[in-house]
Amino acid sequence: MRIPTGARRTTLAAGTALLLTLALAPSAGADSTRHPGGRGSLVLVGGGLKADNTQVYGEIIKRADGASARIGVITASSIPASQDPHAADPDKCSNSECNGAYYAGLFERHGAADAQWIPVDLDHIANADSDEVVQQVNSMTGFFFGGGDQYRYITTLLHGSAHTDSKVLAAIRAKLAAGAVVSGSSAGAQIAAGADMVTGGDSYEALRDGSSPGYFDDATRLGYLPAGGFGFLNSGLIDTHTGAYGREGRALRLAADTGHDRVYALEENTALIVEAPRTPHERLRVLGPQGVAVLDLRQARTGKRSSAAWSLTGARYDYLTDGDHYDPHRWRVLPATGKRPFVPASASPIPANPDIFYSVANPAGAPNSFLRTARTLASTTQRTTTATTFENAPRFTVTLSKQPGPTAWTSDGATPHTLIGLRIAVAPE
């Protein structure tokens with residue numbers, strides 16, 4: 001079977017008008033008095049969760065009572081079986097029901113006592129307010145939201161323009177507050193966001209044109225949902241597939257446009273673990289082979305050199321890797337035990353990077369372009385470096401610079417794994 005991992009460009013033509021109505025609605029879900037935090041935890045993966053990732057699956061299961069874990073799998077972000085031409089073929093199907101069975105089987109193979117599909121999707125919207133399905137939810141000790149299109153979660157688990165919880169979502173929210181784990185990958189992580197959840201867009205078009213509320217058939221256009229997602233996490237915006245799709249630029253622009261001062265930019269096959277979300281005790285940790293970037297815009301300033309030329313100065317870039325902790329209240333990165341400051345020794349010139357955001361227009365482009373340049377800077381004695389966008393109408397220059405003090409931490413002495421305190425400036429040429 002084919003599992004959606006979060007397509008770089010997706011459209012959702014059916015129901016677009018409804019989604020745009022939702023996008024412009026005020027958010028009840030973002031109200032901290034309506035949806036308070038609790039004792040539970042989140043495990044948010046930036047997409048591309050591999051079947052053999054024992055670290056992440058094991059962490060979810062451990063937090064759901066270990067060998068007694070009962071995982072409820074929600075895949076309403078996938079197309080329903082009625083829209084899947086391969087629904088009857090278990091080797092080719094990619095719809096909510098067969099994807100739910102896939103993930104349920106994975107959780108059981110990784111050691112969960114039981115895993116079940118929660119039967120809510122575009123073919124079964126009424127189930128979102130079914131007492132029987134609520135009873136199924138209440139029997140679970142943890143939950144996993146699969147990938148696809150986060151809009152389908154909005155249309156299936158929230159009520160219209162009021163953006164209020166269905167019975168099923170309210171039950172999941174109550175379980176989280178009582179101590180359960182809620183996890184998700186790609187759209188399943190994105191839907192955890194609060195106000196101004198991103199809906200699509202590529203970095204270059206975001207820098208050039210800015211953001212707009214709504215959902216757009218032009219998948220390069222930066223859109224966002226003011227009402228937000230489910231609001232499980234509200235200490236920062238969330239973005240996914242960051243390095244794989246070069247989304248650092250769109251994350252910076254959306255945060256600047258909507259007045260947010262932090263973004264958690266998640267990499268694929270890697271989890272951001274959030275303890276006690278939405279409480280004074282909230283703490284974060286990274287688990288997995290890649291990392292999570294934290295974009296800090298508290299000191300950022302934006303401007304325009306002309307009517308269409310946007311610029312940014314003063315943003316901060318931290319990049320956390322496996323075992324690193326983050327205190328969102330103190331804005332502090334705590335490198336994992338065993339990591340030590342990296343001492344750069346190379347004075348070699350930093351290679352030019354003419355495609356900092358991995359443009360889809362560049363057939364020779366490579367993923368993780370932004371991170372690669374940032375790590376190269378940390379590896380050298382240079383204090384600053386520049387890179388550019390592939391597109392040139394206008395071309396944007398991105399400047400990365402070091403601040404005083406240690407910039408990187410390493411586990412092996414040879415590679416700067418964790419990056420702390422790089423500064424970002426973006427300007428049109």
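Me: Is Asp196 buried or exposed?
Reply: Asp196 counts as buried, with a relative accessibility of 12%. Buried means under 20% relative accessible area, exposed over 50%, and partly exposed in between (1.4 Å probe, protein chains only).

Me: What kind of model is this?
Reply: This is a predicted model: local features need pLDDT of at least 70, side-chain atom pairs count only at pLDDT 80 or more, and totals for chains, interfaces and linings use all residues. Residues are numbered from 1 along each chain as its sequence is written, and side-chain values use heavy atoms, leaving out hydrogens and water.

Me: Ok, back to Asp196. Where does it sit?
Reply: Asp196 is in the loop between α7 (187–190) and β8 (197–200). Those labels are DSSP runs numbered from the N terminus: helices are H or I, at least four residues, and strands are E, at least two. Asp196 isn't a glycine, yet has a positive phi of about 70°. Most residues other than glycine have a negative phi.

Me: And what is phi for Arg278?
Reply: Near 65°, again a positive value in a residue other than glycine. Arg278 lies in the loop between β13 (271–275) and β14 (283–287), and is buried at 15% relative accessible area.

Me: New topic: which strands are at the edges of the open sheet?
Reply: The open sheet has 9 strands in the order β3-β2-β4-β7-β1-β13-β14-β18-β19, with mixed pairing. Its edge strands are β3 (114–117) and β19 (332–334), each pairing on one side only. Two strands pair if DSSP finds at least two bridges between them.

Me: How do β18 and β19 pair, parallel or antiparallel?
Reply: β18 (residues 325–327) and β19 are antiparallel, over 3 bridges. Tyr326 stands opposite Val333 in β19.

Me: What about Ser183, which strand is it in?
Reply: Ser183 is in β7 (residues 181–185). Ser183 is buried, at 1% relative accessibility. Leaving aside neighbours within four places in sequence, its contacts (heavy atoms within 4.5 Å) are Val43, Ile60, Phe143, Phe144 and Phe145. A polar atom of the Ser183 side chain lies 2.7 Å from the backbone oxygen of Phe143.

Me: Last one: why is α5 largely enclosed?
Reply: Helix α5 (residues 150–157) is largely enclosed by the rest of the structure because 7 of its 8 residues are buried. Among them are Tyr151, Ile154 and Leu157.

Key:
Polar contact = N/O pair within 3.5 Å; in protein donor to acceptor, adjacent residues only side chain to side chain.
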